[in-house]
Amino acid sequence: MALVGVHRDRGELRIHESLEELITDLADYIAELSEASVKERGVFAIALSGGSLIGLMGKLCEAPYNKTVDWAKWYIFWADERVVAKNHADSNYKLAKDGLLSKVPIVPSHVHSINDSVSAEQAADDYGFVIRQLVKTRMVSVSDICDCPKFDLILLGMGSDGHVASLFPNHSLLEEKDEWVTFITDSPKPPPERITFTLPVINSASNVAVVVTGESKAEAVHLAIDDVGPDCPVLPSRMVQPTKGKLVWFLDKPAASKLVSVEFCK
Ligand code: 6PG
């Protein structure tokens, strides 16, 4: 059973004894949000990231989730994507397709991947346009406090430098207030060209989950969650603060090993 904690303004923390436990809890969490969203809106708009996240979602392809989740109602997006061909080993679309989307009955026209035949700038513009059309038809809901899309769930990983999606520390993209989707051509994590949701979009989601495992992320988890005072470096993951939505951290014990200021419920 996960140790569940809360931090005043950094959301819910679920610290898992083992990776296996985290994987099951994550599948249950996604399946429950899918069910609630389909019940309320008729659809489930979910944004994925790259990295280890897709592997950790693997249980969704197995029983009972492969049969119980209403896959036909899923609309898939990417919180960030590398600007490479869809069949390239670096593509987040390929990662998700091979690891999840090809194993469950998702409707192909509901999978909204980026245009991989244009520049990073154009791909970001095109992706923003696609999302705008889906907001108009309410396949993606809209925030009631700004004009941003309100995804039912945005799933993020975190790098050991504290980056989320393709929002890196000390990068000007962290200041972006107007665009929904933007681009980067100098990503410190290869490949250099990427598109990414901006912080206003991430923080407008109904639910945001940050899934982080391994000891190499422990310091970044501490800086992203604990009360570390005014000298704390500005971590993108610390800027994930859903305005009205719910933030949940899925951590394993090594990733949570440097946390200090958290109150645990059990
Ligand atoms: C990407 C990702 C990125 C990733 C983190 C964590 O495309 O590179 O979306 O934000 O989620 O780097 O990756 P790991 O979980 O593999 O460390």
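**Entry 1: the ligand**

I began at Ala165, where a backbone N or O atom lies 2.7 Å from an oxygen atom of the ligand; I count a polar contact as a pair of N or O atoms within 3.5 Å, and within protein one must be able to donate a hydrogen and the other to accept it, while residues adjacent in sequence count only if both atoms are side-chain atoms. A note to myself before going on: this is a predicted model, in which local features need pLDDT of at least 70 and side-chain atom pairs count only at pLDDT 80 or more, while totals for chains, interfaces and linings use all residues. Residues are numbered from 1 along each chain as its sequence is written, and side-chain values use heavy atoms, with hydrogens and water left out.

Two side chains came next. An N or O atom in the side chain of Ser52 is 2.5 Å from a ligand oxygen, and one in the side chain of Asp80 is 2.6 Å from a ligand oxygen. I then asked how much of the ligand the protein buries. Taken alone the ligand exposes 420 Å², and the protein buries 89% of that (accessible areas by the Shrake-Rupley method with a 1.4 Å probe; for residues, only the protein chains shown count as cover).

I find 14 residues around the ligand, with Ser52, Asp80, His163, Ala165 and Lys189 the closest (near means a heavy atom within 4 Å). By class, this shell has 2 nonpolar, 7 polar and 5 charged residues. Asp, Glu, Lys and Arg count as charged; Ala, Val, Leu, Ile, Met, Phe, Trp, Tyr, Cys and Pro as nonpolar; the others, Gly among them, as polar.

**Entry 2: a sheet and its helix**

I traced an open sheet of 3 strands in the order β5-β10-β9, with antiparallel pairing. Strands (E, at least two residues) and helices (H or I, at least four) are DSSP runs numbered from the N terminus, and two strands pair if DSSP finds at least two bridges between them. The edge strands are β5 (80-82) and β9 (181-184), each pairing on one side only. β9 and β10 (residues 194-197) share 4 bridges, and Thr182 has Thr196 as its bridge partner in β10. Helix α5 (residues 120-136) packs on this sheet and touches β9 and β10, its direction making about 165 degrees with that of β9 (contact is heavy atoms within 4.5 Å; axes are lines fitted to C-alpha atoms, for helices over the stretch in contact, with angles from 0 to 180 degrees between N-to-C directions).

**Entry 3: a hairpin**

β1 and β2 form a hairpin with 3 residues between them. In β2, Glu12 is the bridge partner of Val6.

Which peptide bonds did I note as cis? The one from Ala63 to Pro64 is cis, with omega near 0 degrees, and so is the one from Pro190 to Pro191, with omega near -5 degrees. Pro191 is in the loop between β9 and β10.
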